[in-house]
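This note sets out, point by point, what may be read from the structure shown below. Please keep the sequence and the three-dimensional view at hand while reading.

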Amino acid sequence: VEGYMDVVALTEAGFGEAVAPLGTALTDDQTRLLWRMADEPILCFDGDSAGKKAAFRAIDVAMPHLKPGVSLRFAFLPDGLDPDDLIRQNGPAAMEACLAATRSLVDVLWDREWAGGDWSTPERRAQLELQLNTLVARIENESVRQQYQKDIRNRLYDAWGAARRRPEGRGSSYKLGAGKPGGGKPRFNGSRGGPPFGPPVHQSASDSLRQSRLGTSQALGAPQREAVLMLALLTHPWLIEQRCEEIASLELTYKPYAALKATLLEIVTSAMNSDVPALDAAGLRTQLQSVGLDGVADQVARIVTHFGDKFASAAAEPQTVTVGFDHALSLHRRHVGLGRALEQAQRAWESDQSEENAARIAELKGLQSQRIEFEQG
């Protein structure tokens, strides 16, 4: 549950196995501790919008670490009530009924993504499928990931019925050529001596090029989306203070930005734990200069030129900053998960050059291309 008074109320009502993170968002470490005590602990959230947002954040924390038989379940209280209120007003039986009506992680994940848009056109439905597949790709355990993929495919089919033809034959994935006359088998554009369907969509610069003067001056290999996130943190240090746990868990592929992120967290958290005033952008830049990272910060500002990244500008209102940062963070996490899934698929094809593994690579590269077009469009 969310607060310590809820734990007290639950214990007094006979629910003796309750804990609370005491006002902080659920972390990886807390989730692992829960799993040491129960395979499917129940996260109980208030029924208001804040409670739902907390549940959605917990999904993103837990998904990479799901294992066979190990997951989370979710209990949502009536709107406006917390466990303490519910027990005082309606007694322990009401709380028991709430805990008996828990929902699985995949159910809450589906509801979150489904409620996030209008899926009335083929293009929008493709976007939803892309979002779900990218999220599922973050699951590290292969067996659990495959089960989620099957479950999501079934939900998409049930939601749209004849809007998409379910492929037949080996496997149930939407494969290249499936559903077409004479289709069902992927086409190859190269020999079977290397990964099918050509190189990955993104080719990063070599280490030697990155370390050269040209590479460092032009930031070759630095993803635009990561630069945008870093610029937002540099321009609005209060974001780091408010979202330090999320930022700490942020996975960055470009090493200079990963080092910059770690330093920003260290600087801001040190200021939070002292009596000095909160840092502004200028004060943060001074601190970075003292540790030799001002060049990386300058590089970030040079890279971000897209007109749509207004939330990272100094003139942006706090609400604009928060909404824009959340959107950019979500896109980045999905991109990283998709890249990890593609790497795993290519390794699987190297050990077993089957049509099914080849089709999986084709599917992921198609999703990757769609995401790039979606972000750039």
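**Notes on the predicted model**

1. Opposite residues in the sheet. Phe45 stands opposite Phe76, which belongs to strand 2. The model is a predicted one, and the points below should be read accordingly.

2. Pairing of the strands. Strand 1 pairs with strand 2 (residues 73–76) in the parallel sense, over 4 bridges. The sheet as a whole is open and has 3 strands, in the order 1-2-3, with mixed pairing. Strand 1 (42–45) and strand 3 (103–104) are at its edges; each has a single partner strand, so one side of each is left without a neighbour in the sheet.

3. Overall composition. The protein has 18 helices and 3 strands. It comprises 377 residues, of which 43% count as buried. Among contacts with a separation of 6 or more, 68% are accounted for by residues 24 or more positions apart.

4. The largest nonpolar core. In soluble globular proteins, nonpolar side chains tend to be buried together. Here the largest nonpolar core has 34 residues, and Tyr257, Leu260 and Phe325 have the most contacts inside it. Two or more residues are given to this core by each of helix 11 (224–235), helix 12 (238–242), helix 14 (255–272), helix 15 (281–290), helix 16 (294–303) and helix 17 (318–351). Helix 11 gives the most, namely 8 residues.

5. A second core. A separate core of 31 residues is also present, and Trp35, Phe45, Val136 and Ile139 are included in it.

6. Helix 14. This helix has 18 residues and reaches 26 Å from its first C-alpha to its last, close to the 26 Å expected at 1.5 Å a residue. Its buried residues are Tyr257, Leu260, Lys261, Thr263, Leu264, Leu265, Ile267, Val268 and Ala271. They pack against helix 11, helix 12, helix 13 (244–248), helix 15 and helix 16. One of them, Leu260, is in contact with Met230, Leu234, Leu288, Leu293, Val296 and Val300, its neighbours within four places in sequence being left aside.

7. Helix 16. Which residues of helix 16 are buried? They are Val296, Ala297, Gln299, Val300 and Ile303. Seen down the axis of helix 16, these buried residues fall within an arc of 155 degrees, so they line one face of the helix. Val296 and Val300 are also among the contacts of Leu260.

8. Glu226. Glu226 lies in helix 11 and is buried, with a relative accessible area of 1%. Not counting residues up to four places away in sequence, Glu226 touches Leu252, Thr253, Tyr254, Tyr257 and His332. The C-alpha atoms of Glu226 and Ala258 are separated by 9.4 Å, although these residues are 32 residues apart along the chain.

9. Leu250. Leu250 is found in the loop between helix 13 and helix 14. It is buried, with a relative accessible area of 4%. Leaving aside neighbours within four places in sequence, Leu250 is in contact with Leu229, Met230, Lys261, Leu329 and His332. Leu250 and Leu329 are 79 residues apart in sequence, yet 8.4 Å apart in space, C-alpha to C-alpha. His332 is among the contacts of Leu250 and is likewise touched by Glu226.

10. Ser71. Ser71 is in the loop between helix 3 (49–62) and strand 2. Ser71 counts as buried because its relative accessibility is 13%, and the limit for burial is under 20%. With neighbours within four places in sequence left aside, Ser71 is in contact with Trp35, Asp39, Glu40, Pro41, Leu66, Leu105 and Tyr148.

11. Cys98 is in no disulfide, and the search of the whole structure finds 0 disulfides.

Technical notes
Residues numbered from 1 in each chain as written. Predicted model: local features only at pLDDT ≥ 70, side-chain atom pairs only at ≥ 80, totals over all residues. Heavy atoms only, no water. Pairing = 2+ DSSP bridges. Core = buried A, V, L, I, M, F, W, Y, C linked by side-chain atoms within 4.5 Å. Buried < 20%, exposed > 50% of the residue type's maximum accessible area, 1.4 Å probe, protein only. Contact = heavy atoms within 4.5 Å. Expected span 1.5 Å × (residues − 1). Disulfide = S-S within 2.5 Å. Arc of directions from axis to C-beta.
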